[in-house]
Amino acid sequence: MAEIFEASSVGIVEPQLAKFEESLALECGHILDSFELVYETYGSLNKNRDNAVLICHALSGNHHAAGFHSHDEERPGWWDEYIGPGKPINTKKFFVVSLNNLGGCHGSTGPCSENPVTSKPWGNNFPSIRVKDWVQSQARLADRLNINSWAAVIGGSLGGMQVMQWAIDYPSRIRNALVIASALKLSAQNIAFNEIARQAILTDPGFAGGDYLNMKSAPETGLALARMIGHVTYLSDDAMASKFGRELRSGSFDDNLSDTIEFQVESYLRYQGRRFSGQFDANSYILMTRALDLFDLARDYNDNAVEAFSAAKCKFLIVSFTTDWRFSPSRSREIVEALIAAKQNVTYLEIQADEGHDAFLLPIPKYFQTMSAYMDGIEISLNS
Amino acid sequence: MRQDLTQILSWIKSGTRVLDLGCGDGEFLNELKKKSAIEGVGIEINQDDILRAIGKGISVIQQDVDEGLSNFSNLSFDTVVMAHAIQVVHFPDKVLMEMLRIGKEGIVTFPNFGHWRCRLYLAFQGRMPVSRFLPYDWYNTPNIHFCTVKDFEKLCASRDITIKSKSMIAGSKFSSFLASLWPNLFALTAIYRLAA
């Protein structure tokens with residue numbers, strides 16, 4: 001129970017829904033006649049409308065980035081450590097917008113929404129979505145909110161890919177790009193982990209060929225397994241060692257009954273998997289991992305990232321974490337290298353952190369200070 | 001503002017691209033930006049320094065100069081500066097060549113170990129010189145490659161590096177006069193403007 005909020009919390013927030021009746025042409029060729037985006041805002045837009053910040057979520061994220069939906073909500077939004085009054089993304093200074101991406105399962109149009117043609121849920125017939133489509137739909141949301149240019153667009157992991165796409169697709173609408181623990185494109189190893197996760201879902205009988213919503217079934221086991229695989233790759237070996245080690249949750253090594261032995265890490269992973277499968281839609285998960293796999297910033301620019309970045313006008317902050325092996329520092333250095341060659345204004349830090357890829361969500365002191373210092377330096381109009 | 005930096009400022013034209021190796025907290029690039037509207041990039045390894053540079057709005061790449069500068073393409077900068085940092089790198093000669101590959105010109109400043117005080121200290125104390133400017137003991141110093149004015153010029157000659165101009169800082173006016181005659185004895189800090 002969070003009865004009284006700390007001064008650094010945005011407090012109670014209420015999601016809003018934006019309906020777009022104008023059609024959206026997707027990269028895959030499909031045209032969405034209309035769509036909806038659910039979003040939250042924190043702080044207030046100033047008179048010149050130049051203090052807006054867009055938060056782009058990662059694979060399993062959503063629009064609820066900060067604050068609480070009710071006094072009974074146990075946990076605040078997923079990036080509450082960073083968003084709030086006096087926090088690095090300071091809501092006393094900035095007007096923060098956080099949305100659930102198209103294809104998501106937390107209120108924006110996606111596989112769980114009704115297909116207007118069939119009047120049934122889209123399910124796996126929902127069109128394939130690319131990072132570029134997300135950015136285009138986010139630009140529509142910016143139009144709706146009368147935000148001509150973002151003071152900053154910020155995202156980690158898959159969110160960072162959206163940030164880079166913003167810098168290229170709408171160079172005059174973004175002034176600072178904060179790309180955290182991300183990559184120009186996924187490596188084969190990275191795609192492989194996504195494919196294992198997808199196969200776990202696809203082979204679950206409850207998946208019913210993607211039509212589980214109509215069939216009243218659910219690929220709970222498959223989705224939980226997908227999350228377990230993902231989760232392991234978001235942590236570092238050291239982080240798992242210090243968090244769980246070889247601690248037992250039940251059973252004992254002494255009685256030689258290996259059947260009764262359950263390691264803490266097993267129990268933790270199963271719990272995470274179960275929790276996730278109760279909150280997330282399997283078709284959305286497949287869609288999001290596909291968007292990750294297919295992202296390749298340079299593809300439209302003769303496979304040349306330098307050429308891709310040459311049109312950008314914003315400043316860049318690139319951050320990576322030492323123990324992140326899913327989006328390793330060398331992936332971030334590729335981004336930095338391309339930005340330098342494209343003569344862009346870039347700052348890069350490699351943060352010492354034990355937490356692996358998950359570090360981008362956590363309040364690690366040097367990372368926290370970096371975000372604060374960078375965000376504090378962003379110039380906005382002082383009128384309110 | 002450090003005297004060597006004032007000298008470097010006068011050598012850099014406005015509107016040019018400057019790479020500062022070992023930029024520290026970005027003080028120099030910040031002055032340079034204010035005075036001559038240059039486009040500056042710093043390289044630094046110390047994160048606390050980088051954070052202070054971010055606070056000044058300076059763009060800094062966290063990178064270890066000792067691990068190479070291959071991520072910077074040929075002649076992608078007008079000037080590459082290394083102020084009071086050449087003595088801390090593992091391979092000063094290689095870094096010097098890299099500076100002149102990346103930049104049209106390079107500017108290097110370093111403390112002159114040939115200064116008469118250093119010589120006297122070593123001669124009479126019989127120990128590695130420790131001073132206000134070089135406060136470290138031999139075993140914990142980041143300065144692993146001290147050189148004298150003569151040493152540096154010999155290295156430049158051996159690598160066919162052109163010395164376009166140089167300037168010696170010596171403290172008082174009289175010392176400066178002496179340093180102009182005998183730089184290796186009287187210069188505290190040597191400043192060189194180099195080209196490949």
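**Figure 1. Surroundings of A:Ser381 in the predicted model.** In this predicted model, A:Ser381 touches A:Asn46, A:Lys47, A:Asn48 and A:Asp50, leaving aside residues up to four places away in sequence. A:Ser381 belongs to the segment that follows helix H11 (365-376) of chain A. A:Ser381 and A:Arg49 are separated by 332 residues in sequence, yet their C-alpha atoms are 8.4 Å apart in space. A:Ser381 is exposed, with 11 other C-beta atoms within 10 Å.

**Figure 2. Packing of H11(A) against H3(B).** This view shows a pair of helices from two chains, H11(A) and H3(B), whose axes come within 8 Å. The axes cross at roughly 20 degrees, and the two helices are therefore roughly parallel to each other. The crossing of H11(A) and H3(B) is left-handed. From H11(A), the contact takes in A:Lys366, A:Gln369, A:Thr370, A:Ala373 and A:Tyr374. H3(B) contributes B:Gln47, B:Leu51, B:Ile54 and B:Gly55 to this contact. Sorted by class, the contact of H11(A) with H3(B) contains four nonpolar, four polar and one charged residues.

**Figure 3. The contact between chain A and chain B.** Chain B supplies 13 residues to the contact, and chain A supplies 16 residues. On the side of chain B that touches chain A, the elements giving two or more residues are helix H3 (47-55) and strand S3 (59-62) of chain B. H3(B) provides the largest share of that side, five residues. The side of chain B that touches chain A comprises six nonpolar and seven polar residues, with no charged residues.

**Figure 4. Strand S4 of chain B and its paired strands.** Strand S4 (residues 77-83) of chain B has six of its seven residues buried, so the strand is largely enclosed by the rest of the structure. Strand S1 (residues 17-21) of chain B runs parallel to S4(B) and is joined to it by three bridges. Within this pairing, B:Leu19 has B:Val80 of S4(B) as its bridge partner. S4(B) also runs parallel to strand S5 (residues 103-111) of chain B, and six bridges join these two strands. Here B:Ala83 has B:Thr109 of S5(B) as its bridge partner. As a guide to viewing such strands, the side chains of a regular strand alternate between the two faces of the sheet.

**Figure 5. Packing of H3(A) against H8(A).** Helix H3 (residues 188-202) of chain A packs with helix H8 (residues 282-294) of chain A at an angle of about 160 degrees, and their axes are 10 Å apart. H3(A) and H8(A) are therefore roughly antiparallel to each other, and their crossing is left-handed. The residues of H3(A) in this contact are A:Ile191, A:Asn194, A:Ala197, A:Arg198 and A:Ile201. They meet A:Ala282, A:Tyr285, A:Ile286, A:Thr289, A:Leu292 and A:Asp293 in H8(A). By class, the residues of the contact of H3(A) with H8(A) are seven nonpolar, two polar and two charged.

**Figure 6. Packing of H1(A) against H2(A).** Helix H1 (residues 131-144) of chain A and H2(A) pack at an angle of about 65 degrees, with 9 Å between their axes. H1(A) and H2(A) are therefore roughly perpendicular to each other. Their crossing is right-handed. H1(A) brings A:Val131, A:Lys132, A:Trp134 and A:Val135 to the contact, while H2(A) brings A:Met161, A:Gln162, A:Gln165, A:Trp166 and A:Asp169. The contact of H1(A) with H2(A) is made up of five nonpolar, two polar and two charged residues.

Figure 7. A:Ser157 is not a glycine, although its phi is positive, at about 60 degrees. A:Ser157 is located in the loop between strand S11 (152-156) and helix H2 (158-169) of chain A. With 27 other C-beta atoms within 10 Å, A:Ser157 is buried. A:Ala208, also not a glycine, has a positive phi of about 50 degrees. A:Ala208 sits in the loop between H3 and helix H4 (212-215) of chain A. A:Ala208 counts as partly exposed, with 17 C-beta neighbours inside 10 Å.

Terms used: Residues numbered from 1 in each chain as written. Chains lettered and ligands numbered in written order. Predicted model: local features only at pLDDT ≥ 70, side-chain atom pairs only at ≥ 80, totals over all residues. Contact = placed C-beta atoms within 7 Å. Helix = DSSP H or I, 4+ residues; strand = E, 2+ residues; numbered from the N terminus. Nonpolar A, V, L, I, M, F, W, Y, C, P; charged D, E, K, R; others polar. Axes fitted to C-alpha atoms, helices over the stretch in contact; angles between N-to-C directions. Parallel < 35°, antiparallel > 145°, perpendicular 65-115°, else oblique. Left-handed = near helix turned anticlockwise from the far one by under 90°. Buried ≥ 20, exposed ≤ 12 C-beta atoms within 10 Å, placed from the backbone. Pairing = 2+ DSSP bridges.
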